[in-house]
Amino acid sequence: MGRIPLRRSRRPFLAAAVATGLLGALAGPPDPGPAPMEPTAAEANTATVFYYTKTKNWSSVHLHYAPDGGTWTTAPGTRMEAACAHWVKETVDLGPAAGLAATFNNGGGTWDNNGNGVWDNNNSADYALTTGTSTVRDRTVTKDAKDPCAAEEPDTEAPTAPTEVTASATHTSVVLSWDASTDDTGVTKYQVTRTGGTKGTLVTDIGSTVFSDTGLEERTAYTYTVKAVDAAGNTSPASAAATATTGEKAPEPASGTPLGTDPRQDPIYFVLTARFHDGDSSNNRGGSRHTKSGNAANNDPMFRGDFKGLVEKLDYVKALGFSAVWVTPVVLNRSDYDYHGYHGYDFYKVDPRLESAGASYQDLINAAHAKGMKIYQDVVYNHSSRWGAKGLATPTVYGVRDSQWSWYYDERNDGFEYDGLTVEPKSGKSYYNGDLWSTAEPSGNTCLNWGRPTGGKSAEGYTLYNCQWPTPTSGMFPKALYHQCWIGNWEGEDARSCWLHEDLADFDTENTTVQNYLIGAYDKYIDMGVDGFRLDTAVHIARVTWNRRFLPAIQERVTQKFGAEAAKNFFVFGEVAAFVNDKWNRGSVNHSAQFYTWKERKEYSADDEAAALEQFTYENDQGTGNQPTSTNAFLNGNSYHTPDRSRFSGMNITDMRMHMNFGDAQNAYGNGKDSDDSVNDATYNVVYVDSHDYGPNKSSERYPGGTDAWAENMALMWTFRGIPTLYYGSEIEFQKGKKIDCGPSCPLATTGRAYYGDHLGGSVTASDFGTVDSASGEVANTLAQPLVKHIQRLNQIRRAVPALQTGQYSTEGISGSMAFKRRYTSGSTDSFALVTVTGAATYTGIPNGTYKDAVTGDVKTVSNGTLGVGAPGKGNLRVYVLNGPGKIGADGPYLK
């Protein structure tokens, strides 16, 4: 929990009262009499205090202090003098004292029980300062400090040379990785030098500790060295050389090219690929829980939908009006129930259960781009499957194929490699596990009491053994690569340094080897041309790690491959799950969604693990009242202003606060607005009602609010700031009220993750977004449903009015329950819209001119800066656009 800082401590005055009596303390110091003679330098006993003002925004700063054993100054104390930019200073004669207690304030009020003025009292602890020079910056005291206003000494210290440089070749590509260098001021980049081949020496600047070198010559040795460079240009010695020899060129899939347009223009349709549409039944797999779950009785294998099915139904998604598809993780998974994709095992391989001949992941990306649609890939940096990550670390468990356990432990087949799809011939299983167990204690084993009976029994009455199952406390995972604990406090630091669940082995994401593994893996998918990443469990990794390592690596790779403009619009949005209705998640800034949209505000230790702890402590101490704010989502009166993205981290967010309150659109609207000033730019928020995890108010069911409520929610989502997002099937209220997920304890057909393909039978073509050219079979019935018609028109209206896509908003001068104005201005585009959802509204102080409603075509001429709109009714809305196009689309069940 974050501490709530008081404005000022009462402790200075309690101390003063003890020393001189309360009345004496408030009356001020006694007449000092004649000025004493100046002490000689040898006799002087002073403390010089420098105080950092940038984060305070005070017009003046006062030092209120008491020498050790002495009395406090009369509040508010002594006004400090300007020293240099963002610093003030004061020198205090301590007399015989060895130090002083200090607080700082703006001089705007004296201490009393009513709390006048603004004070910094170090969270009620007061600052303890000593003789000599001290600095106080953001509640951090540095003793014997350098004068912060003195000319900086030039940085002449070079970073250390990179170590542990390794190079590995696959076909004609080489992946180079190394451990981070250290430096007194921080490493800003690395220089990679490559020699070998016929093209001469290549020197490349890299921001991360992974370099993927592609397009090399066949069967050629390449040698690499790496140097570290700091901000002053100091360069480390070269690392030890690493050499790799390429093989023969493989037939690589052609890379796609991301569309590279503003992501706010693209409404998102979210699918669980394995549950959406089955285009190829030959890759269907039920897994070890197929019968137990009840899926077998429904002829409904967990892996059923695939990329071929999605490619076949891209026109369905386009007919709804969506131009971006968010797909669940595509990497090879491994667990007992892994259809959803969040149990990654081989992060460098696409799961074959999703691919088909002519319908690979690359084919899906290319097919979507050909239709003007984007693919957002769900990615996981926080954890692997319980069986670890292939190529990084995988645990070995104790397993004995005796009469009790032979049904579970498959016979070892050294020539077989698990891929989730291929059936192992001895066991007859695609979910073969013969490579995971051993009766012989593995070399370097750290699991205690290997193979000894625990004394317990399984549900079947079988003998249980130590080290039969990988857990964080079993000792089966390398401590350097995986965390070794279970989460105990979801609002504490261990929420980002412990396991969430037994199926989710928690990476030590502050470890360079782990970082390199993940960066290298996701470079592959960037190269394939995906348009963005949805970051799963983002809150379970420290923001400083995202900001230092993963987010810059994404930007660097997209820029390198496709250019700066594509990188600017490569859409990254994180899941920072906060299941409370307050602005700051239980008062903890580190666990609040908006926190992740910001860059760091100070330097931390060069060691990533130490930096994560330092950041957690620092930001919690800052509290919720001292976090950065933004006007990027807000109009200035009626005017659009250029947003300031200079402090943007690179991560946008799913709008958890609106999601949690979408049981009622009005609540979602009010809660969303309340958080927007603490998000770097809330116009990029991904907004949805329910998902594959939760419904509103942390409900475990798919939203059951009814068609009218759905229509109202959608009307708000498609016109308010942010990017509207729909979980597959919600357009027909698919599985409403059903439990979203119950694992293998019930059939998928009874859950919110049921198979949707039965509603997509037949054919559909769409030449434009929100427009059906032709439809036959069951999909035609699906497209005739009322919410489908509603979404289609909402998408048509949103696409025709730029203000609804990328505009800032304001409620200034507006009456109405869900009413606002939006504007976007760029070049020749100036789009200004007045929106009201469900209820009546009055707009005052708006520009005069002609306004046309995009829903009804009604025209209103404003000559006195005021426009009134009658209530359109639940699920309906009005969008009056200044000099607008008029009515867009045809009347439907709600928009009319």
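**Notes on the predicted model**

1. Leu-176 stands opposite Phe-211 in E15. The model is a predicted one, and this pair belongs to the contact between E12 and strand E15 (residues 210-213), which are joined by four bridges and run antiparallel.

2. E12 (residues 173-179) also pairs with E11, again antiparallel, through six bridges. Within that pairing, Ala-169 has Val-174 of E12 as its bridge partner. E11 and E12 form a hairpin with two residues between the strands, and His-171 in this hairpin has a positive phi near 55°.

3. A UniProt record, in an unreviewed entry, lists residues 158-249 as "domain: Fibronectin type-III". In the model this span is 51% strand and 0% helix, and its end C-alpha atoms are 39 Å apart. The annotation may be inferred rather than shown by experiment.

4. An open sheet is built from eight strands with parallel pairing, in the order E31-E30-E29-E22-E19-E18-E33-E32. Its edges are strand E31 (652-653) and strand E32 (686-687); each has a single partner strand, so one side of each has no neighbour in the sheet. Inside the order, E19 and E22 run parallel and are joined by four bridges. Trp-326 is placed opposite Tyr-376 of E22.

5. Which residues of helix H6 (residues 361-370) are buried? They are Tyr-361, Gln-362, Leu-364, Ile-365, Ala-368 and His-369. These residues lie on the same side of H6, because the arc they cover around the axis is only 160°. The elements that cover them include strand E19 (324-327) and strand E22 (374-380), along with strand E21 (344-350), helix H4 (307-312), helix H5 (314-320) and helix H7 (512-527). E19 and E22 are also members of the eight-stranded open sheet of point 4.

6. Both ends of H6 have a feature to record. Gln-362 is itself among the buried residues of the helix. After H6 comes Gly-372, which has a positive phi near 75°.

7. The number of disulfides in the model is four, counting cysteine sulfur pairs within 2.5 Å. With the bonded cysteines of the chain numbered in sequence order, the pairing reads 1-2, 3-4, 5-6, 7-8.

8. Cys-84 and Cys-149 are joined with an S to S distance of 2.0 Å. This disulfide is left-handed, because the torsion about its S-S bond is about -75°. The link connects distant parts of the chain, 65 residues apart: Cys-84 is in strand E4 (residues 81-84), and Cys-149 is in the loop between strand E10 (140-142) and strand E11 (163-170). E11 is the strand that pairs with E12 in point 2.

9. Cys-447 is bonded to Cys-467, S to S 2.1 Å. The link is left-handed, with -100° about the S-S bond. Cys-447 is buried, its relative accessible area being 6%. Cys-467 is buried as well, at 7%.

10. In the disulfide of Cys-742 and Cys-746, the sulfur atoms are 1.6 Å apart. The torsion about the S-S bond is about -65°, so this link is left-handed. How accessible are its two cysteines, buried or exposed? The cut-off for buried is under 20% relative accessible area. Cys-742, at 16% relative accessibility, therefore counts as buried, and so does Cys-746, at 18%.

Terms used
Residues are numbered from 1 along each chain as its sequence is written. This is a predicted model: local features need pLDDT of at least 70, side-chain atom pairs count only at pLDDT 80 or more; totals for chains, interfaces and linings use all residues. Side-chain values use heavy atoms; hydrogens and water are left out. Buried means under 20% relative accessible area, exposed over 50%, partly exposed in between (1.4 Å probe, protein chains only). The arc is that of the directions from the helix axis to the C-beta atoms. Contact means heavy atoms within 4.5 Å. Two strands pair if DSSP finds at least two bridges between them.
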